[in-house]
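Please look through the sequence and the structure first, and then read the points below topic by topic.

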Amino acid sequence: MYTTGKKVAGTAMAGFLAVGLAACGSSNNGNNGGDAAASPSGSASSAASASASAPASSAASGEKVTITFQNIYPDPTDPKYNMLHKIVKQYETDHPNVHIELDSLNTDQQKQKLKTQAASNEVPDITIVNPSAQMKPYVDAGLFAPLNEMVEKNGLKDTFQSGILDYYTFDGNLYALPDGNNIALLYYNKALFKQAGIDAPPTTFEDLVADVKKLKEKGIQPMAIGEKDTWTGSFLFMNMLLRTNGGPGFLKDVVDGKKTFEDPAFTGAVDAFEQLVQAGAFQEGATSFDYNAGENLFKTGKAAMYFMGSWATGGIEVSDANKDGNVGVFKFPTVGGKGDPNQFMLAPGSAFAVSKNSKHLPETLDFLNYFMLNYPKEAFAVKGAVGVAQKVDGDYKAAGYSDMAMEVLAMFKDVTGGDISFDNTMNPATSQAHLSSIQNLFVSKEDPAAVAKEHQQAYEDNKE
Amino acid sequence: MNVLKVSRWTIAAFVLPCLLLYVGLVFAPIIVSFYNATLNWNGIGVAKHVGLDNFHRMFTNDSVFWPSVRRTFMLAGFSMLVQLPLALFVAILISRFVRRPNFLVSSYFMPVILSVAVIGQLWKTIYNPASQGGMINQILIKLGLGSWTHAWLSEPKVAIYAIIVIGLWQYLGYHILIQFTGIQNIPADIYEAAKIDGAEGFKADRYITLPMIVPIFKISVVLSFIGSLQSFDLIMVTTAGGPAHATDVLASHMYNISILSQKYGYGSAIACFLVVVCLAATVVINLLFNRVEKRYD
């Protein structure tokens with residue numbers, strides 16, 4: 001399934017490049033108009049008239065409007081692809097004068113394209129950004145339009161889970177609306193656990209390490225990870241830090257100058273992480289496994305445990321490993337008796353932001369409002385509602401969601417707080433140093449104090 | 001100058017489009033890069049002039065930079081010292097002993113046409129640990145050499161060599177083709193004359209093939225050197241520079257810094273270094289070969 005997706009994405013990419021070039025060309029005019037808003041140029045006056053009239057009346061006037069919607073759902077086998085197309089089509093039928101131009105890229109391509117577009121101030125009408133630290137440079141550069149007013153319309157704001165919008169808010173202005181909100185958890189293969197004589201999933205980190213050893217003795221691969229994509233290891237490490245720190249906020253304390261990386265909470269987490277590596281938890285050659293290859297080990301029943309965000313639920317649900325409801329989930333356990341399993345690594349999802357220089361700002365906002373209002377309903381219908389950032393009404397069980405999905409949904413209700421990932425908190429350069437430092441723990445045993453020092457150094461070197 | 005019997009204006013008019021393209025697409029970006037290298041800029045927001053700070057930091061205070069320079073030159077070194085002589089040797093053997101060489105040369109050339117992404121995935125499965133079905137490790141175990149097995153692409157000490165092997169394998173056919181063509185172009189009558197004088201077999205190669213192939217060999221050397229300096233895709237597909245920068249080369253380091261760490265200015269400084277090294281290498285190689293060629297003239 002994945003490879004076909006990649007192929008389609010690949011072939012599609014060529015097309016998108018062409019479309020992208022064309023889009024760049026046309027949005028150029030828009031920018032000129034925006035920059036020279038004071039000048040009596042044609043585009044400036046048309047923008048003014050558009051903003052004066054409500055979107056509904058501009059529909060009546062029949063003015064043709066094209067909105068470019070950059071998104072990360074290029075894969076037709078992904079339920080979100082169909083969802084996106086369905087909502088867009090519905091909106092276009094209701095508003096015959098509006099055409100939504102989809103620029104569908106895969107995640108990495110989109111990130112790079114947006115960076116390039118941002119450098120030349122040519123952000124598409126709607127684009128995708130990641131929360132907090134990752135979107136901050138764009139916000140600082142003044143590229144996005146605030147969504148404060150728009151989100152109040154039609155009660156859209158109340159559909160979001162409480163607190164989730166904070167990750168997209170800067171100086172009181174909301175700049176993006178998230179498509180997801182996930183938590184990190186451990187998936188486990190019940191049959192393999194049984195084979196190793198383990199009755200129940202571990203509730204302490206010490207038990208977890210012991211279980212890893214038991215599995216290893218039976219010749220079963222204890223955990224799978226795709227550490228070529230360095231964030232995977234970091235995500236797991238940060239969960240340990242969340243425990244050893246006795247609660248969330250370690251990185252914030254570092255930024256506020258209350259703690260340094262040489263704090264015992266951090267070295268404790270490094271130590272715990274190394275215990276897991278030394279116990280042989282991860283597959284050989286883990287650092288050359290990319291995300292999908294790592295996940296596939298678990299999905300094909302070749303590994304007993306898998307630590308990942310709840311977004312993986314859908315894929316694991318339909319995998320070989322989950323035949324007859326064979327996959328269970330458990331919360332990341334306490335480490336050294338510290339921490340609360342109900343605090344999770346949180347992953348507020350990628351989010352939709354609107355270009356400040358959009359030629360058709362009112363229409364774009366109206367469309368995004370409509371899109372987000374319909375998003376949870378449509379996601380529920382295609383069984384993609386696990387990890388949606390909005391409240392979803394509906395009977396999951398009756399809609400055919402699996403037991404595992406139900407367990408994950410139940411876990412969401414237990415969340416009492418948590419941290420977001422390292423690269424969503426720290427600036428990119430510090431994050432890169434961190435990611436490669438953690439990757440190094442997979443291949444060589446380091447002194448936790450040295451790892452801490454390396455982090456502190458990188459943080460200070462890159463402080464702004 | 002007037003051999004072509006056209007006016008200089010005509011020549012200028014015909015050269016111009018190409019020249020403009022070349023200047024616009026090659027020189028202008030290079031100059032812009034040099035300018036960017038003096039900035040502290042994340043690629044999006046406001047840039048700040050920092051003079052030569054980026055270069056200073058690159059040469060004195062970047063723990064990844066010099067090792068990645070070393071690995072870049074390792075790639076080039078292995079390519080020139082192992083791959084090219086081997087390619088020349090194979091080319092000589094093919095032209096001497098194979099009646100219909102086209103099929104053989106084409107087969108050697110195959111990997112060059114394959115996309116690097118495909119090659120990377122292919123070799124990843126070959127290099128996999130035995131428990132994941134990796135071919136090399138399984139063969140080693142079957143041969144009773146279990147202690148020789150490695151996680152080839154994820155052990156910091158061996159990973160770069162594993163990647164070098166892939167590179168050597170992929171472009172061997174390319175250089176065989178170039179040099180084979182070169183050998184084919186040496187007039188047969190020279191060999192015949194030499195035969196009368198008693199130079200046959202490898203003696204003929206030593207005194208005829210080698211001197212006559214020098215200009216072609218130079219192309220191979222330049223191509224392989226520049227290619228090695230710019231190697232990027234293969235590394236991205238196989239290890240992405242990991243584990244922990246153990247396989248980073250200049251190009252991948254530049255990518256990490258400018259795209260992932262969002263230090264666009266600093267990344268440009270690394271790019272400038274790469275440009276300068278490429279230019280210097282091309283000049284040096286040309287000088288060396290000019291001297292060699294003169295000797296045989």
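Predicted model: local features only at pLDDT ≥ 70, side-chain atom pairs only at ≥ 80, totals over all residues.

Chain B has 297 residues, of which 35% count as buried. For chain A, with 464 residues, the buried share is 48%.

**Chain B**

- Chain B contains twelve helices and two strands.
- Read from the N terminus, the elements of chain B follow the order α-β-β-α-α-α-α-α-α-α-α-α-α-α.
- The C-alpha trace of chain B spans about 75 × 75 × 30 Å along its principal axes.
- Of the contacts in chain B with a separation of 6 or more, 68% are between residues 24 or more positions apart.
- An unreviewed UniProt entry places the feature "transmembrane region" at residues 12-35, 73-94, 103-123, 158-177, 207-226 and 264-289 of chain B.
- Residues 73-94 of chain B are 100% helix and 0% strand, and the C-alpha atoms at the ends of this span lie 30 Å apart.
- Residues 264-289 of chain B are likewise 100% helix and 0% strand, with 37 Å between the end C-alpha atoms.

**Chain A and its domains**

- Chain A has 20 helices and 13 strands.
- Among contacts in chain A between residues at least 6 apart in sequence, 80% join residues at least 24 apart.
- The domain assignment divides chain A into domain 1 (2-178 + 350-381) and domain 2 (182-347 + 407-462).
- Where these domains touch, domain 1 of chain A contributes seven residues and domain 2 of chain A contributes seven residues.
- The side of domain 1 of chain A that touches domain 2 of chain A consists of four nonpolar, three polar and no charged residues.

**The contact between the chains**

- How many residues does the contact take from chain A and from chain B? Chain A gives 24 residues, and chain B gives 26 residues.
- On the side of chain A that touches chain B, the elements that give two or more residues are helix H5 (107-119), helix H6 (136-140) and helix H19 (428-443) of chain A.
- H19(A) supplies the largest share of that side, with nine residues.
- By class, the side of chain A that touches chain B has ten nonpolar, ten polar and four charged residues.

**The largest nonpolar core**

- The largest nonpolar core has 180 residues. Those with the most contacts inside this core are A:Ala184, A:Tyr187, A:Met223, A:Tyr306 and A:Leu368.
- Helix H7 (residues 156-184) of chain B gives the most to this core, namely twelve residues.
- The core also draws at least three residues from each of domain 1 (2-178 + 350-381) and domain 2 (182-347 + 407-462) of chain A.
- Apart from its neighbours within four places in sequence, A:Leu368 is in contact with A:Ile126, A:Met150, A:Leu177, A:Phe352 and A:Val354.

**Strands of chain A**

- Is strand S11 (residues 343-348) of chain A enclosed or open? Six of its six residues are buried, so S11(A) is largely enclosed by the rest of the structure.
- Strand S7 (residues 181-189) of chain A pairs with S11(A) in the antiparallel sense over three bridges. Within this pairing, A:Ile183 has A:Leu346 as its bridge partner.
- S11(A) also pairs with strand S13 (residues 417-420) of chain A, in the parallel sense and over four bridges. Here A:Phe344 has A:Gly418 as its bridge partner.
- In a regular strand, side chains alternate between the two faces of the sheet.
- In strand S3 (residues 126-129) of chain A, A:Ile126 and A:Ile128 point one way, A:Thr127 and A:Val129 point the other way, and all are buried.
- S3(A) pairs with strand S12 (residues 351-354) of chain A in the antiparallel sense over four bridges. In S12(A), A:Ala353 stands opposite A:Thr127.

**Two loop residues with positive phi**

- A:Asn154 lies in the loop between helix H7 (148-152) and helix H8 (156-159) of chain A. Its phi is near 55°, a positive value in a residue other than glycine.
- A:Asn154 counts as partly exposed because it has 14 C-beta neighbours inside 10 Å.
- A:Asp324 is found in the loop between helix H15 (313-317) and strand S10 (327-330) of chain A. The phi of A:Asp324 is near 55°, again a positive value in a residue other than glycine.
- A:Asp324 has 7 C-beta neighbours inside 10 Å and therefore counts as exposed.

Notes
Residues numbered from 1 in each chain as written. Chains lettered and ligands numbered in written order. Buried ≥ 20, exposed ≤ 12 C-beta atoms within 10 Å, placed from the backbone. Pairing = 2+ DSSP bridges. UniProt positions renumbered as here; feature names shortened; annotations may be inferred. Contact = placed C-beta atoms within 7 Å. Nonpolar A, V, L, I, M, F, W, Y, C, P; charged D, E, K, R; others polar. Domains from an automatic or database assignment. Core = buried A, V, L, I, M, F, W, Y, C linked by C-beta atoms within 7 Å.
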